Amino acid sequence: MSRPGQDDKRYDRRDTTLKFVTRPDDLDPMPPEEGDQGLRAEMSCGHAVTPQSLTGWCRSLLDQGQYKFKCPALQDGTLQQCGAVWSYEEVRRLAVLTAEEMQHFEENMARLAAAEYCDFKTCPGCKSYIEREELTNLCIQPDDLDPLSSEDEEECLRAEMSCGHAVTPQSLTGWCRSLLDQGQYKFRCPAINEDTQEKCGAIWSYREVRRLADLSTEEMEYFEENIARMAAAEYQEFKACPGCKTYVERKNLTNLCVRCLVCAADKKKVFQFCWQCMKPWKGPAPRSDRCDNDGCINHDLELLRTCKTTSFPQVRGVHACPSIRACPTCGQKVEHDKTGCKNIICPRCQVEFCFVCLKLTPECLKTSSYFISCSDGVAPRQTAIPVWRRK
């Protein structure tokens, strides 16, 4: 596919990776005259577009604060919109985005994905992000995030979170920063409810955390950059192609052989690479274990096989548990910080599971509790990584 300037984008008729059609542009009610500029490509939903109409529509969605690109065309014979969601990979390729456009799209997608969680607006005067302040409930009681605190300390003033648990700026900053360092951008309360002896688990908004943790400018920058990156990663699961360095999304999560359509268009031949070793593909395909390149091994499985064991000081009867696990829902590698209970929330899929027996928390708690050993004991080292079946 050619990479012309923004005002002169068009498809290459020789590009065999695209399906060209001669029918009108479904996104443009007043298409240009036929000719090279009239060449249409068919989207995955079956509707026809040009680079200009697709770029314009998706950019208008971003300008409206929407980062999921839905087809606005009407379904044949109806007055209903198609509504199919196009992946960013498909939009980027069929819109023939320039480098500047890709930067604009990706920065805004990350910001909008984070904004769903961060809940802020722009000031109409200076255009910087602001949040509405709310009254803070202050209390004199032990810090629920610091087990060594007491009511008798000199600096005993605490703030009450929305869930009712008491914090100080130091304990709240420390806990939330530790969550970010573990790859979690949703801030859950770790305090134990007195009546049930179970973890609170309430989700605090970034707005609440930022205000009650009294974050400094540097801390806000650190928090917001990481929240944006992690929130975007849930929606965009890409790797950079080793050939052209553009980002590619793997649709079949059980096949390591991935085809780069940009390289195929530029080089006029099929280009495939290994999702695991990131080298040009060798050997038969599809395969889920490895390609035929030397040194192509699943480093995640190797880590699960050789990692050290750990114990949990606050959990009775648990010893020699592997220190690294793959989430039983999505396969993300996670490590327990050895504090608190035996359960952990996956930073990727946000599903809570028992780090010891690898059951989902509700199933584990049927025969056990947060701070005693599991009825089935310590699950052995994992020999396969689960594939995330997103709904």
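Colleague: Which residue in S9 does Asn137 stand opposite?

Modeller: This is a predicted model. Strand S9 covers residues 157-160 and is joined to S8 by four bridges, the two strands running antiparallel. Within this pairing, the residue that stands opposite Asn137 is Glu160.

Colleague: Which strands stand at the edges of the sheet?

Modeller: The sheet is open, with three strands in the order S8-S9-S10 and antiparallel pairing. Two of its strands have a single partner strand each, so one side of each lacks a neighbour in the sheet. These edge strands are S8 (137-140) and S10 (166-167).

Colleague: How many disulfides does the structure hold?

Modeller: A disulfide requires two cysteine sulfur atoms within 2.5 Å. The sulfur of Cys189 lies 3.8 Å from its closest cysteine sulfur, that of Cys163, which is too far for a bond. For Cys257 the closest cysteine sulfur, in Cys274, is 8.1 Å away, again too far. The number of disulfides in the structure is zero.

Colleague: Is Cys189 buried or exposed?

Modeller: The cut-off for a buried residue is a relative accessible area under 20%. Because Cys189 has a value of 3%, this residue is buried.

Colleague: Which element supplies the largest share of the lining of the second largest pocket?

Modeller: This pocket has a volume of about 940 Å³. Among its 35 lining residues, those closest to the centre include Trp175 and Lys199. Helix H4 (169-181) and strand S21 (343-345) each supply at least two lining residues. The largest share, four residues, comes from H4.

How values were computed: Residues numbered from 1 in each chain as written. Predicted model: local features only at pLDDT ≥ 70, side-chain atom pairs only at ≥ 80, totals over all residues. Heavy atoms only, no water. Buried < 20%, exposed > 50% of the residue type's maximum accessible area, 1.4 Å probe, protein only. Pairing = 2+ DSSP bridges. 1 Å grid on protein atoms, 1.4 Å probe; cavity = no way out; pocket = protein on both sides within 12 Å on 5 of 7 lines; lining within 4 Å. Points joined across faces, edges and corners; volume = space filled by probe spheres on them.
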